[in-house]
Amino acid sequence: MATQRPGFPVRLTPTASAAARGRLPAVPVKPMVPTTPSMASDAVRARMVQKLAAQGITDPRVLRALGAVERHRFVDSALVNQAYEDTSLPIGLGQTISKPSVVARMIELLLGAPALAGKPQDRLGRVLEIGTGCGYQAAVLNHVATEVYSIERLRGLHERARANLRHFRLATVHLMLGDGMVGYAKGAPYAGIIAAAGGEAVPQAWTDQLAVGGRIVAPTQSAGGGQALVVIDKTARGLERRILEAVHFVPLKSGIA
């Protein structure tokens, strides 16, 4: 089990039984939806993964990760029947959980070329996620990276993600409340940085905190006023940038709210 680095703002949460005995305070935030037999079925997630493969996701690491994470645990109970559809869903505070196909596409880009058949399935190194949201993408990243640092500027979503992820007991996923535009220098350098919000440009702090050989995948404002995915590779010669397909994400904002 990984050891938490000193200074990282991740706390162990009191258990409900200890709270009931009066020794610790009760936890005010609960996971968005409990497990239900139909949604917990491996077959339900397998069908979602089959659809992602049919849409062009080829990296087996990504497909396994999407198949392993129970997406229904991250959506509101009123929307649980849509948890494994390829659609974004509201998670509160004007934010959404991204489509499974978008999560898969961005993580596949982050990992680079698909793993070759028979080749050891190496994990990516330390990853920084900008915009934790409900915690779903952080849980998926946990399957493909050695360590995940995820930062969220909205306190309500930060607490919700902590509650959602508590069930999984992910020792290598660290959640921080903070301004994603400035990244998280204490965890740098990162092998990859992935963003769930888009601004006019990729902040300088992100490229500064990216390791040589690392990659950023993020939405940015396109020339037509929309958004497009950008991939930035940091090489010994400098930054190499590619603009890819159009996407739609919430705006990248600074500060904590």
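Helix 5 (residues 100-111) lies across strand 3 (124-130), strand 6 (190-195), strand 8 (210-221), strand 9 (227-235) and strand 10, and runs at about 150° to strand 8. Keep in mind that this is a predicted model. The strands under helix 5 belong to an open sheet of seven strands, with the order 5-4-3-6-8-9-10 and mixed pairing.

- Going from one strand to the next, the twist averages 15°.
- Strands of a sheet pair through backbone hydrogen bonds, and they can do that either parallel or antiparallel.
- Strand 4 (residues 145-152) pairs with strand 5 in the parallel sense, over five bridges. Within that pairing, valine 148 has valine 173 in strand 5 as its bridge partner.
- Strand 3 and strand 4 also pair in the parallel sense, here over six bridges. Glutamate 129 stands opposite serine 150 of strand 4.
- How much of strand 4 is buried? Seven of its eight residues are, leaving strand 4 mostly covered.

**Helix 7 on the sheet**

- Helix 7 (residues 155-166) lies across strand 4 and strand 5.

**Helix 3 and helix 4**

- The axes of helix 3 (residues 42-54) and helix 4 (residues 60-68) come within 8 Å and cross at roughly 150°. That makes helix 3 roughly antiparallel to helix 4.
- The crossing of these two helices is right-handed.
- On the helix 3 side, the contact is made by Arg45, Met48, Val49, Leu52 and Ala53. Helix 4 brings Leu63, Leu66, Gly67 and Ala68.
- Sorted by type, the residues of this contact come out as seven nonpolar, one polar and one charged.
- Arg61, Val62, Leu63, Ala65 and Leu66 of helix 4 are buried. The buried residues of helix 4 pack against helix 3, helix 5 and helix 6 (136-141).
- Two of the buried names, Leu63 and Leu66, also turn up in the contact with helix 3.

**Isoleucine 232**

- Isoleucine 232 lies in strand 9, one of the strands that helix 5 lies across.
- Is isoleucine 232 buried or exposed? Isoleucine 232 has a relative accessible area of 0%, so it counts as buried.
- Setting aside neighbours within four places in sequence, isoleucine 232 is in contact with Val202, Leu210, Gly214, Arg215, Ile216, Leu239, Glu240 and Arg241.
- Isoleucine 232 and alanine 218 sit 14 residues apart in sequence and 8.6 Å apart in space, C-alpha to C-alpha.

**Glutamine 209**

- Glutamine 209 has its place in helix 8 (residues 204-209).
- Why does glutamine 209 count as buried? Because its relative accessibility is 8%, and buried means under 20%.
- Which residues does glutamine 209 touch, leaving aside neighbours within four places in sequence? Its contacts are Leu128, Val182, Gly183, Tyr184, Ala185, Ala188, Pro189 and Tyr190.

How values were computed:
Residues are numbered from 1 along each chain as its sequence is written. This is a predicted model: local features need pLDDT of at least 70, side-chain atom pairs count only at pLDDT 80 or more; totals for chains, interfaces and linings use all residues. Side-chain values use heavy atoms; hydrogens and water are left out. Axes are lines fitted to C-alpha atoms, for helices over the stretch in contact, and angles run from 0 to 180 degrees between N-to-C directions. Helices (H or I, at least four residues) and strands (E, at least two) are DSSP runs, numbered from the N terminus. Angles under 35 degrees count as roughly parallel, over 145 as roughly antiparallel, 65 to 115 as roughly perpendicular and the rest as oblique. A crossing is left-handed if the near helix is turned anticlockwise from the far one by less than a right angle, and right-handed if clockwise. Contact means heavy atoms within 4.5 Å. Ala, Val, Leu, Ile, Met, Phe, Trp, Tyr, Cys and Pro count as nonpolar, Asp, Glu, Lys and Arg as charged, and the others, Gly among them, as polar. Two strands pair if DSSP finds at least two bridges between them. Buried means under 20% relative accessible area, exposed over 50%, partly exposed in between (1.4 Å probe, protein chains only).
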